[in-house]
Amino acid sequence: MPPQHPEEVGYGHVVKSYVTRTYGGLPRYLVLNGGRYLSPRWWHTTRFARHLLNDAATITDEELEALLGYEWRSRLTAAWLIGVDRRERFRARIGDLLLASEVCYSGGAYCFALARFGTYADAEILTAYLDRYLPRTDLHYDQPAALGALLRLDTLLGTRHADRFTEPDGLWDEWVKGVGRLGYPSYTPAEQHRWTDLHCEFANGWTRP
């Protein structure tokens, strides 16, 4: 399904209201994508977090759908709002978008939302994604974010879904070697787990556990 501008479905306000609102001169989507809010030196974290929490609680499902049907900036922001508010009714939608991998950057936000939901169903979606995309050593998509989210869920749920991906010389190692030949940096599972934890703990610090 081709991207559709929210204006076409009667929600033309959502991009300005939720996606491009600025903090320290940076639009929200760029702050979310770059992790600026994690820096102790960024003076706008409190305001940014409060607005994010408020918007996550008040945005309607219809507004979220309008954002998810548009381009990567809108999808990234919508997935963050869904994850912060833990709107698990969007699980299937988020899973479909993650597996489709239609646009850049937003996949990491889908993985964040699934990590926030924190259930076996979310682990299954992440496992399906890694089964599909880790063998593609020619593609650098959202494999690191998906593995980090799955490792977090394994820790929370007491499961071992990620083990078969991270075994020595397994799918993860082969993928890292493959994308390394394309010029991408290497990633360790521990680094990805830690990055997911940082995102989720930031959200936990401002929302109900």
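This is a predicted model: local features need pLDDT of at least 70, side-chain atom pairs count only at pLDDT 80 or more; totals for chains, interfaces and linings use all residues.
**Ground rules.** I number residues from 1 along each chain as its sequence is written.

**Helix α5.** I looked up α5 first. Helices are DSSP runs of H or I with at least four residues, strands are runs of E with at least two, and both are numbered from the N terminus. α5 covers residues 72–85, 14 residues in total. From first C-alpha to last it reaches 20 Å, close to the 20 Å expected at 1.5 Å a residue; the expected span is 1.5 Å times one less than the number of residues. I then checked burial (buried is under 20% relative accessible area, exposed over 50%, partly exposed in between, with a 1.4 Å probe and protein chains only). In α5, 12 of the 14 residues are buried, among them W72, W80 and G83. R86 follows the helix, with a positive phi near 50°.

**Largest pocket.** I looked for open space next. On a 1 Å grid over the protein atoms alone, a pocket is an open set of points with protein on both sides within 12 Å along at least five of seven lines, and lining residues have an atom within 4 Å of a point. The largest pocket has a volume of about 650 Å³, taken as the space filled by probe spheres set on grid points joined across faces, edges and corners. It has 27 lining residues, and the closest to its centre are N33, Y105, G108, D142 and A145. Helices α2, α5, α7, α9 and α12 each supply at least two lining residues.

**Aromatic pairs.** I found 12 pairs. Rings of Phe, Tyr and Trp (its six-membered ring) pair if their centres lie within 6.5 Å; planes under 30 degrees apart are stacked, over 60 edge-to-face, the rest tilted. Y23 and F48 have ring centres 5.1 Å apart and planes at 85°, so they are edge-to-face. Y23 sits in strand β1 and F48 in helix α3, 25 residues apart. Both Y23 and F48 are buried. W72 and Y105 have centres 4.7 Å apart and planes at 50°, so this pair is tilted. It joins α5 to the loop between α6 and α7, 33 residues apart. W72 is buried at 14% relative accessible area, whereas Y105 is partly exposed at 47%.

Definitions and conventions: Side-chain values use heavy atoms; hydrogens and water are left out. On a 1 Å grid over the protein atoms alone, a cavity is a set of points where a 1.4 Å probe fits but cannot get out, and a pocket is an open set with protein on both sides within 12 Å along at least five of seven lines; lining residues have an atom within 4 Å of a point.
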